[in-house]
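Subject: Structure handover

Hi,

Here is the structure for you to look through. My notes on what turned up follow below it.

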Amino acid sequence: MNAPTTRRLTVAQALVEFLAHQYTERDGRRHRLINACWGIFGHGNVAGLGQALLESGEALPYLQGRNEQAMVHAAVGYARQCDRLSAHAVTTSIGPGATNLVTGAALATVNRLPVLLLPGDTFATRPADPVLQQLEVPHAGDVSVNDALRPVSRYFDRVTRPEALIPAALQAMRVLADPVDTGAVTLALPQDVQAEAYDWPEEFFADRVWRVARPAPDADALAEAVRLIRGARRPLLIAGGGVHHSEAEDALRAFADATGIPVASTQAGKGSLRHDHPADVGGIGHTGTATADALGREADLVIGVGTRYTDFTTASSTLFAAPGVRFLNLNIAPFDSHKLGATALVADARAGLEALGKELAGHRVAKEYEAGYTAAKAEWECRVDAAYDAGDDSARPSQTQVLGLLDALVDDTDVLINAAGSLPGDLHKLWRARSRRQYHLEYGYSCMGYEIPAAIGVRLAAPDRPVWALVGDGTYLMNPTEIVTGVQEGLPFTLVLLQNHGYASIGGLSEQTGGERFGTAYRFRAGDGTYTGAPLPVDLAANAASLGMHVIRAATVGELRGALAEARGAKRPTCVYVETETADTVPGAPEAQAWWDVPVAETATRPAALAARQAYDRQAAGRRRHL
């Protein structure tokens with residue numbers, strides 16, 4: 001009997017070889033599961049994974065980042081653009097390199113997007129203790145800073161022996177490819193173990209396919225769902241990110257065409273229907289449209305498809321106000337299917353919508369209901385036009401006018417990326433999404449600094465699509481360093497950098513909650529602790545140029561129109577820099593159409609805080625538990 005064939009490699013070499021042979025498959029289409037590895041090298045990975053990646057060549061391409069958190073953001077942007085069927089790995093040194101992964105890992109897990117984290121770890125054999133950058137925990141000798149990644153990872157393992165890599169790597173791939181469990185996956189790799197050789201079974205390196213199934217709904221649950229929909233007079237469907245992840249947009253459109261049920265969208269689900277589809281009523285919740293929120297308040301049945309029902313979607317449990325409102329949740333994850341006391345339809349979004357459509361053949365909402373939301377949608381579109389109206393070409397543009405000029409320029413191929421600040425609210429209310437992956441808002445974690453690295457990830461996944469990173473000055477200052485990566489890799493994307501000299505979103509929230517915009521402006525500080533006077537002499541456009549971007553400054557509406565057109569056709573990373581008008585006389589996005597719960601101090605000495613608490617108590621009285 002012949003002995004099993006083995007290959008002698010280090011742990012790092014074996015892992016890289018293993019990753020190069022992992023695939024996902026859905027609907028008969030195969031994809032590389034791990035398409036590249038981002039890395040910043042230091043002690044803990046330079047002599048292990050660094051050497052292995054060098055040897056592998058193009059088997060597992062290497063991408064050089066500048067900030068560990070940003071590398072995860074880039075990987076997340078890539079995975080989302082790939083519908084979670086392909087992902088990237090990220091490797092770091094031990095110590096601060098590893099802990100810098102935590103925010104990115106949380107973002108990936110919150111948004112259910114796959115990323116493989118490979119942080120270096122301290123010595124498993126402990127030849128010296130402590131080593132450089134080692135955290136000493138007196139009561140636990142096996143703890144390292146990598147343990148901070150446990151609560152933000154969907155799967156975590158520390159590979160302390162070479163042979164332990166086999167089950168750990170297989171479990172890691174299982175989780176990454178699972179649409180229910182996916183998120184950040186961490187394999188902590190002690191630096192001595194990375195370099196240790198082992199005789200690996202050849203089967204470990206064979207091509208392995210992880211099939212991404214489309215589970216169909218249970219027959220009894222489907223029958224109950226059909227009964228609820230047929231009995232509803234004012235149903236409203238909420239499309240979440242699961243519609244996109246499942247590639248269920250065509251099924252949703254067919255469902256809406258057949259039933260006439262209006263479709264609202266979360267931040268992650270926007271674009272599930274084109275903006276001009278008759279049933280699309282726009283964003284839902286605190287940053288939603290008046291049309292969608294009015295329908296939410298009156299709905300007797302809310303059909304959630306692929307949504308997690310965050311507080312922005314539910315307006316902190318105040319939006320769905322009809323006395324007998326019921327919920328029907330179609331979601332591949334049982335955890336999300338059962339939220340809000342819903343009837344759960346656990347299934348893939350596309351498979352579930354197709355099954356519902358078949359069983360509902362001939363059913364349609366009343367003509368009066370359809371006519372009502374159609375008229376409300378037309379009225380809202382007039383408000384969007386007013387906000388977008390660019391007016392005088394010689395004037396300084398407002399933020400919504402910037403969006404209006406961009407709206408007039410783009411087509412179905414463009415991708416807009418944003419995550420934090422005041423832009424998500426304006427975009428959710430106003431943006432007219434033209435295609436399934438045009439609207440890329442990371443609002444599960446709403447992480448400042450996401451946009452620029454995510455633009456790089458999207459561009460890697462979709463090299464032929466124009467990519468726009470929309471960034472305010474506050475977000476830019478958090479994480480501009482991956483501009484250098486975009487320049488190095490020759491990845492054209494456009495950074496639209498809006499300068500309003502502070503945190504506009506939190507400034508507004510501070511004012512609403514009695515904080516009087518304290519600590520939210522970028523201005524000189526006076527002796528009494530207040531911030532007054534002229535803006536700081538900071539030139540962010542010059543900073544972007546110093547990092548290698550081509551910068552176009554636009555001071556007026558007319559200049560901005562030309563700058564955006566020039567940037568869209570650019571063949572190198574380009575920044576359009578514009579200082580936006582913030583005066584109250586400038587048309588802007590309509591105010592929030594629904595509440596968001598941010599508790600206000602019960603006792604205070606300043607009148608603004610006292611008034612804010614009274615307003616808070618009035619709104620909080622409308623909260624309800626859906627059981």
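Glu354 and Arg350 sit 4 residues apart in helix α14 (residues 349-359), so about one helical turn separates them. Their side chains meet in a salt bridge, at 4.0 Å from N to O. Glu354 is partly exposed, at 47% relative accessibility. Arg350 is also partly exposed, with a relative accessible area of 23%. Keep in mind that this is a predicted model.

The pair belongs to a network of salt bridges that links Asp27, Arg214, Asp348, Arg350 and Glu354. The structure holds 38 salt bridges. Two others to look at:

- Glu25 and Arg30 meet through their side chains at 3.3 Å, N to O. Glu25 counts as buried at 16% relative accessibility, whereas Arg30 is partly exposed at 46%.
- Arg150 and Asp147 form a salt bridge at 2.6 Å, N to O. Arg150 is partly exposed, with a relative accessible area of 42%. Asp147 is at 16%, under the 20% cut-off, so it counts as buried.

Next, helix packing. Helix α16 (residues 399-409) packs against helix α23 (residues 557-568) at an angle of about 45 degrees. Their axes are 10 Å apart. At that angle, α16 and α23 are therefore oblique to each other. The crossing of α16 past α23 is right-handed.

Last, the surface. Phe41, Val46 and Tyr62 form a nonpolar patch there. Together they have about 240 Å² of accessible area. Phe41 lies in the loop between β4 (34-39) and α2 (49-56). Its relative accessible area is 33%, so Phe41 counts as partly exposed.

Best wishes

Methods
Residues numbered from 1 in each chain as written. Predicted model: local features only at pLDDT ≥ 70, side-chain atom pairs only at ≥ 80, totals over all residues. Heavy atoms only, no water. Patch = residues over 30% accessible without salt bridge, like charges linked within 9 Å, V, L, I, M, F, W, Y side chains within 5 Å. Areas by Shrake-Rupley, 256 points an atom, 1.4 Å probe, with all protein chains shown as cover. Helix = DSSP H or I, 4+ residues; strand = E, 2+ residues; numbered from the N terminus. Buried < 20%, exposed > 50% of the residue type's maximum accessible area, 1.4 Å probe, protein only. Axes fitted to C-alpha atoms, helices over the stretch in contact; angles between N-to-C directions. Parallel < 35°, antiparallel > 145°, perpendicular 65-115°, else oblique. Left-handed = near helix turned anticlockwise from the far one by under 90°.
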